[in-house]
Each structure stands twice: as C-alpha cells, then as structure tokens.
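Please open the model in your viewer and keep the selection panel at hand. The stops below say what to select next and what is there.

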Amino acid sequence: MQTRRQALAAAGLGAVVSLARPALAQPRSVEIWTFEPPGDGNLVAKAVGHVAERWAATNPSIELKWNSMPWQQLSPTLLRASRARRVPDVVMLFSPDMPVHIAARTIVPLADRVSAWPADKQADIVRLRQSQDAEGRAYALPWQVRTSGLVYRADLLERARVAPPSTLPEWSDAAAAAMGGETVGFAMGFNPAGASISAAWFIVTQLGLGAAVLKPDGTADFQTEQARRIVTWMAAQVKGRTPPTLPLDVALQEQEKQHDLFSARRAVFLPTSSDRHARMVSQSGLPFEAIGMTAYPTFTAGKPVPALVQGWNLAIPEAARSPDLAWQLIDFWTSGPIQGAMASIAGMGPVRRTALEHPFFREPQSKVIRWATEYAAENPMQFEFPTNASVLYDTVVRMFAQVLNGNMGVDQALAWAEVDFNQKRRG
Amino acid sequence: MAAGSLRARQRGHRMGQERREAAALFYPAFALVVAVSFFPLFYAVRQSLHEAEYLELGRFVGLANFVRLFTEGGGFAFVGTSLAFVLGSLLLTLPLGIGLAALLARPIRGRMLFRTFLAFPWVVSELVTGFLWMWFFDARLGPLGGLFAALGMGTVGILTNPDTALAGVILANAWHAYPLVMIFTLAAMQTVPVEVQEAALLDTRSPWQTFRYVTFPLIRGSILVAAVLTTLRTFNNVTLVVAMTGGGPVGATDVLGIRVFIEAFQFYRMEVACTIAVVIFSLNILASLLFVRVLRGDAE
C-alpha cells in the first residue's frame, strides 16, 4: 500500500517537474530602450555591439531585447509609457533628463543595490549629480561619461604659431590667427534646435568666473557682471572683428551643423564633449594629432572653468517586469572590463577608474579620454541643475541669438532671459 | 391579407437584420475613431483647463492657461508665424499643383513618367524632406550656398537668417505638399467631359481662357478640398520645422506645431502644450468652416 502511494507520489512529482520544466528552461529576457542598438554602423553601435556579444557569451540564457528610438525620444516616451505601465526593464537616459524622471517617479532608486556592492566597487564608479535626488540617492548608473571642452585644430594653430588658448582673449586671437579662406574661427551656435553645448558653455564659464547662474530658490540670476562680460565677448566675435571669428550664419545654426562644419575642416574651434573627439577625428579624416582638446578658456589664466560631466545612464523603470535581471545587466555593463573595451572601441569616457587599467589607456589615442578624466577629477562642478535643464538651455540660446542678431542689447537680453526662465521653470 | 402580412413581416425581419449588420460594422469603427481621435482631444481640452505636474492632472484653472499664453507666452507671435506659414505654403502649393495638373492633363509625350516623377515628393517622408532642404540651403556646405558664393554673393544662409528662414521652410513644405493638389486637380480634370472642353476651346480659342472659365469652375470643389487638407497639414506640421530650424533663428519659425512639441517633450509643460494644441485645433476648425462656406456658396 505504502509502495503504491510512494509510486503515485513519485509519478505526481514527475508530472509536475515535467510540466514545469519548459517554464524553467524558457529563456529569460531583458528589454532595453536604447538610442543605439548593436551594429557596425558607427562607433557607438560597435561599442554597444561589444556589450551584447560579451553578455551573450556570459549569460546565454538571458536574451537582450533591443528597442531603438531617436535619443531625444527616450525620455518623453518613458514618461508616457510609465502612465500606461508599459515600460522596458532597462532604459537609457541622458543625464540632463534624469531630474525629470526622478521627480516624476518613473524610475526606481538603485541606491540599495549599489550599497550591496563591496566598498571598493562602490568607490570605483563615477556618480553623476543629475542622476541622484536631493538626498544623494542614485537612480541610475552611467554607462559612459563625457566632459565638455574645446576641440581645436592643432595643425592650424601650429601653422599660425599660436598655443591652445586658456583665456577668452587668447581664444579669439587664436581663432583670428588660424582661420582663413573658407575656415571660420568658431563652430558655435545659438539655435534652439540644438542648444545644450553652447548653453552649457555659458553656464560653466560663468561658474568659473564665480557667478551663481541660479539663485538658491532656483530662479535665474543672469544679470551679473560675469554674464555681461561673456555675452559681450561673444557678441564681439560676431560683430567686433573683420572678418568675424564667428560669422552670424554660423552663430545661428544648431549644434549638429557645427559638428558638420568642423568635420568638413571648415572651423578652427568647436565646443563639444570629449566623446565627440574620436568621432571628429574619424569623420574629418585628419590624423589623430591634428585635433586636440582643452578646457574652456576663462578670463583668468591658470583658473580653468569647472568640468561639466554628463553621460548616458542605465535606469530601471518603476514598472519593469524583471528588475533583478535589469540590475544584472547594469552591473555587467558598468564593469571595468566592459568600460575599458568601450573606451577603446568608441573613445567613450569610462565610468570606472579601474577601467583605466585596460591596455588602451597606454596608447596615444587615449590621450583625450585621460585628459577628460583628470580634468573632471581636478575641477568638479558645484551646480544644481534645475529639474528641467532644457528650459534653461533654451532660454540661454534665445538670449544669445537676440544679442548676436542685434535685436537686443546685452543688458536688455539678460533681463529678458531672467523673466523668460522664471516663467517657464518648474519650482 | 395573410400573404401581405407575411411579406411585411419578412420585410421587417430583413430590415432588422440589415440594421444589425450595419450596427456591427459601424460601432466598432466608431469606437476606434472615438479612441484614437476624440479621447486625445478630450484629454487635451481637459488638460488645457488644468495645471499639470508632468503627466499628472493638477488643479482646475479655467482659461488661465489661455490667458497666460496670449499675455506672456508669445501666443500671438506663434499664431502670426503659423498663419504666415500656412498662407505662404498655400500661395506656392496651389498655383504649382494646379498648373502642373493642367500641363499633365494635356496629351504630352511621357505623360505617365512626368506624373510619377512629379508626385515623388509626396512619398518622401517629412523628416527626409526637412534634412534634404536643410542641406540644400546650407550656406557653407550645401549646393545653394556654393552657388551663391560662386556668383559673388558671399555667404547666404537662408535658414540662419531670421528674415528668410520662414520662407525657406515654406518652400520645403510647398515642395512636399504640391503633389496632393496636383493629383486632386488632375483627377477632377479627368471628370470634365472632353466635348465641353473642345467646345469651349472653339469658342475662346485660348487654352488659358478655357481653363479659367470652363474647367476651373467645374473642378473648384476638388481644389478646395486639397486646399483644406494642405491647410490642416501645414497648421499641424512639426517634423519639417523641427528638422530644418527647430523654431529658430531668433524665433523666426516658431510655429504653433513646434511649440506643442517643445513644450510637451522638452519642457514637459503639458498644460502649455495642450493649450497650444487646442488653439491649433480651433484654427483648423475655423479654416475648415471657411472653406466649407466657400464650397456651399459654390453649390448654391
């Protein structure tokens, strides 16, 4: 009787196991929203491709499902999708968009997961201020960082026998000396279609001169001596020189056109971010040494502006189906070996200091990334960005455009910008 | 008597069945239209009357969002730029579309090839159209800029000059939109009897006068429908402006459509975006009513 009962129990257990096996063996997946799926089309796609390849090799049972969209669409799409609770497991977000998602509670904090890491692993990773809430809790981890600075044509400066500039007067003189023919001095634009680089340049240069930019309550503090000096200096590049170091048609173009101009070897200086350096070298066809990068100049030699460090982050949406698998992927993506490899493939700034042990960082091609890493470490920026940085950026570029086009004087434009920003900002 | 009653019952049964079939076809379609058209419209109207915290509905504020838009939010400037965009586009699109249709209606060699070729811009996406024209107008890297420079006119940036940027966007929009007018007009012209046109040509001895006094009045309704569609499409246009100018330079191309896009998806001010969307909707209704009035006048 007992034997029969045991046999029945064993048969029942076997049936349960055989029924459950397909479910257990079913491949698990992580859905990612990205601006660049794995591929061979460009350097970023190749770097993401490397991540996908290494993940497949080490986690064969967990499939990565890539859902690609234009980078500008990631943040608003997540916001809308969060309402419908139809979100991916992992989403890429650019750091200026992070405060919006932290405030709207569309993503979950990662602080508890990070604090479960060993202490040395916690200390090793770069933390971006915009990816944390007011209490300093991380809501995302960067998978690449970039430092803003000035890319320049080293070969043209050398031919003109001028050094890379460290002050604003040196910058305009160097541009005037090295430009000529179809080559303009600055590829720098103040168009709302692409506003972040020029607006960020204005903000960090003001901070470098000791201005606050925003008051403690978050309202604008634009009518300062520092802001006046910078806007007046920029206006002089358009109107104060013949030929202008920054022609008006270039000054009113959006930033991607500025990159095109530099890639076409038609500009001496290009304010941009360190991750773009490798792309400028590859697109211009110039040798690596012909394109240098330095910190934004200021009015006082030897006192560089603080480093604006931004980056693409990996976050877990609030209603993600598989948050544990999502974290496993984030942990993998931000690991030292992967970070080192991405730097060597696409010139991306690593988010782990241990990634600098990768052989790539002993090669001359790593010069710009090493410079950016050191510069960022030595000149940290102390600035609390507003919840929605794009309102600030938009106001700044519109203010510059009014001055450069001759619609407003400097003081009038700064006063207008204060009103405009205060109206549009969120408290 | 009994046979008549039976026939009446059968007729009634058949009509009931037809009604049920009609309802089965109509209501799902109606529900779909409500879901995809009326629900977002209702949402936009409701949001325009409330404050917003990202996508969350806030406190009811009545018409305060509209008042703010037109007192301190640049509403009149956006409406003015949008009207200029629409009128400019119509001024180019209608003559071009009608003129090409009139040419293509004539028995010319390679007519089918020309028809296909001239309809091509309609199948190009707005984004591609925007990038294409942006490159074409580029003062330093585009062909038109090169041409101006070769003619000794210096660096001419159509899209970077606040005085010409809107004209550049209108030109790109007209290039993309004229095939619709052309195809509508061509289709309408083919419904005009050949005998009527031949008789008119005998009377007037002028193809232009034949078109002006005979063909045009007969196809006016179709042209008006094309004009309505072009107007609505241009008022709602975002992609072309985003791709070409982003609303710049110095606000020269800040049309209502792009303001909705920027306010909603860059500034996350849903209440402002929805307020502008309601303004666009109202302008579309006004424009449509105007065209309907003209059409009705024609019919009477």
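**Stop one: chain A as a whole**

Select chain A, where 57% of the 427 residues count as buried, buried meaning under 20% relative accessible area, exposed over 50% and partly exposed in between, with a 1.4 Å probe and protein chains only. This is a predicted model, in which local features need pLDDT of at least 70 and side-chain atom pairs count only at pLDDT 80 or more, while totals for chains, interfaces and linings use all residues. Residues are numbered from 1 along each chain as its sequence is written, chains are lettered from A and ligands numbered from 1 in the order in which they are written, and side-chain values use heavy atoms, with hydrogens and water left out.

With a cartoon drawn, chain A shows 18 helices and 10 strands; these are DSSP runs numbered from the N terminus, helices being H or I with at least four residues and strands E with at least two. Along the principal axes, the C-alpha atoms of chain A fill a box of roughly 105 × 45 × 35 Å. Of the contacts in chain A with a separation of 6 or more, 75% come from residues 24 or more positions apart, a contact being heavy atoms within 4.5 Å.

**Stop two: A:Ser274**

Next select A:Ser274, which lies in the loop between strand S8 (267-273) and helix H13 (275-284) of chain A. Is A:Ser274 buried or exposed? A:Ser274 counts as buried because its relative accessibility is 8%. Leaving aside residues up to four places away in sequence, A:Ser274 touches A:Arg146, A:Thr147, A:Met293, A:Gly347, A:Val368 and A:Ala372.

**Stop three: where chain B meets chain A**

Now show both chains and select their contact, which takes 31 residues from chain B and 38 residues from chain A. Between them, chain B and chain A bury about 3000 Å², 55% of it on carbon and sulfur atoms; buried area is the accessible area (1.4 Å probe) that two parts lose on being put together, summed over both. Highlight B:Tyr54, B:Arg140 and B:Tyr268, which supply 26% of the area that chain B buries against chain A, more than any other three residues.

Across this interface the rule finds 3 salt bridges, each a side-chain nitrogen of Lys or Arg within 4 Å of a carboxyl oxygen of Asp or Glu. To see a salt bridge, select B:Asp254 and A:Arg398, whose closest N and O atoms are 3.0 Å apart. Finally, colour strand S1 (50-53), helix H11 (256-265) and helix H12 (270-299) of chain B, each of which supplies at least two residues of the side that touches chain A; H11(B) gives the most, with 3 residues.
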